[in-house]
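Please consider the sequence and the structure shown below. A short report on selected local features then follows.

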Amino acid sequence: MVCIMENLFNQNSEKHRPLADVMRPNSFDDFVGQEQLVGKNTILRKTVERDEIPSMILWGPPGSGKTTLAHIIANSTKASFVELSAVTAGKSDLKKVIEEAQKNTDFYQKKTVLFIDEIHRWNKAQQDALLPHVEKGTLILIGATTENPSFEVISALLSRCQVFVIQQLEPEHIVEILKRAIQKLEIKVSEDVLEYIAALSSGDARTALNTLEFAYSSGGDITKERIKESVQKTMVYDKAGEQHYNLISALHKCMRASDPDASLYWLARMLVAGEEPLYIARRVMRFASEDVGNERPTALVLAVAAYQACHFMGIPECNLALAQAVEYCARAPKSRALDDAWHAIMKDIEEYPNEPVPMHLRNAPTKLMKELGYGKRDQDSNLPKNLAKKWYFDQKKSQKTV
């Protein structure tokens with residue numbers, strides 16, 4: 001009776017599993033994408049196959065295969081494998097894992113691999129609690145994160161792990177995964193529909209499989225029109241994450257390269273994704289001073305005006321005002337002479353923080369001060385004595401591109 005109930009439970013559990021989980025591969029040979037990491041004869045694959053797994057951080061975008069890779073490693077190792085989610089697990093859960101891992105080491109000479117999904121969500125204290133056990137080898141850590149580990153994982157723990165970068169999946173990888181899924185579901189879907197789903201998924205295999213599953217569960221033929229009905233496209237963007245900095249960096253660098261087309265594209269990407277327009281306007285104002293400078297002073301005037309337009313009107317009315325400022329800055333002649341001069345000055349102030357003001361530049365409101373030389377011009381430089389030969393602003397550095 002117990003066996004029958006267990007079988008029924010397993011069948012029901014399998015029935016209600018999401019398609020993305022059902023399609024998760026169990027071996028390297030079935031893994032799609034990331035050939036640079038897990039292809040035949042790669043270092044990572046060889047170490048896993050030899051069961052010599054190092055502590056590692058898997059860093060990549062959502063749906064790129066981080067968790068799947070961890071499960072493949074779990075299937076390949078003879079070590080005890082434990083999985084925690086940093087969203088729900090805390091130090092008490094870690095303590096239990098460590099106690100069990102110590103028993104495995106002491107009594108069975110067995111290693112313990114701990115997989116922590118979304119490890120960036122653990123704070124410094126939680127990561128500190130993990131550190132000594134990774135250092136001693138009590139635990140082999142596999143951490144998965146969508147955030148840059150240089151910022152989100154403490155340096156001491158990061159230095160004890162290999163970081164493997166998981167690339168965003170290409171459309172052809174997503175199509176291959178979808179083809180396997182429709183074979184599993186025993187349905188027919190045209191190639192162009194699969195390509196359309198892949199284009200909508202932004203390299204996220206989980207999103208692609210969820211889209212296919214939803215369209216399948218709604219009944220009828222799976223067409224582009226049905227996919228459009230069932231999907232509300234959202235941009236991959238996190239205002240506090242790395243994507244935020246990547247996009248503003250792209251905008252800045254394209255303006256610096258005097259490329260108005262690309263500059264406007266990256267501006268639009270940020271606005272469509274929901275970026276705060278005042279933040280973009282502040283960065284454009286900074287660019288107008290830092291990269292354009294006095295080669296085209298009106299760039300700063302226009303950037304400030306765009307900021308005011310954003311403040312007064314908001315989205316979407318201010319979009320064109322921002323676009324106007326961005327396009328102008330991109331085409332404007334560039335000069336970093338002022339920015340270079342400012343950095344050089346700040347460096348000298350740091351090295352010589354309390355240089356006295358030259359006597360001829362000092363005010364002389366009393367007779368005594370005049371007798372002491374205040375206000376008397378007897379030197380050529382207006383800079384402090386130790387910096388008298390400095391030349392900060394070099395107009396020859398101007399780079400007129402238009």
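The model is predicted. It holds one aromatic pair, formed by Tyr265 and Trp266 in an edge-to-face arrangement. The ring centres of Tyr265 and Trp266 lie 4.8 Å apart, with 75° between the planes; the arrangement counts as edge-to-face because that class takes angles over 60 degrees. A further ring, that of Tyr374, has the charged end of Arg362 over it, 5.3 Å from the ring centre.

| Residue | Relative accessible area | Class |
|---|---|---|
| Tyr265 | 43% | partly exposed |
| Trp266 | 23% | partly exposed |
| His133 | 16% | buried |

His133 belongs to helix α7, which spans residues 124-136. Its burial follows from the cut-off: His133 has a relative accessible area of 16%, and buried means under 20%. Apart from neighbours within four places in sequence, His133 contacts Ile98, Thr138 and Leu139. The C-alpha atom of His133 is 9.5 Å from that of Ala101, a residue 32 positions away along the chain.

How are helices α17 and α18 oriented towards each other? Helix α17 comprises residues 298-313 and helix α18 residues 319-331; they pack at an angle of about 165°, with axes 8 Å apart. The two helices are therefore roughly antiparallel, and their crossing is left-handed. On the α17 side, the contacting residues include Leu302, Ala306 and Cys310, while those of α18 include Leu322, Tyr328 and Cys329.

Key:
Residues are numbered from 1 along each chain as its sequence is written. This is a predicted model: local features need pLDDT of at least 70, side-chain atom pairs count only at pLDDT 80 or more; totals for chains, interfaces and linings use all residues. Side-chain values use heavy atoms; hydrogens and water are left out. Rings of Phe, Tyr and Trp (its six-membered ring) pair if their centres lie within 6.5 Å; planes under 30 degrees apart count as stacked, over 60 as edge-to-face and the rest as tilted. Buried means under 20% relative accessible area, exposed over 50%, partly exposed in between (1.4 Å probe, protein chains only). A charge sits over a ring if NZ of Lys or CZ of Arg is within 6 Å of the ring centre and within 35 degrees of the ring normal. Axes are lines fitted to C-alpha atoms, for helices over the stretch in contact, and angles run from 0 to 180 degrees between N-to-C directions. Helices (H or I, at least four residues) and strands (E, at least two) are DSSP runs, numbered from the N terminus. Angles under 35 degrees count as roughly parallel, over 145 as roughly antiparallel, 65 to 115 as roughly perpendicular and the rest as oblique. A crossing is left-handed if the near helix is turned anticlockwise from the far one by less than a right angle, and right-handed if clockwise. Contact means heavy atoms within 4.5 Å.
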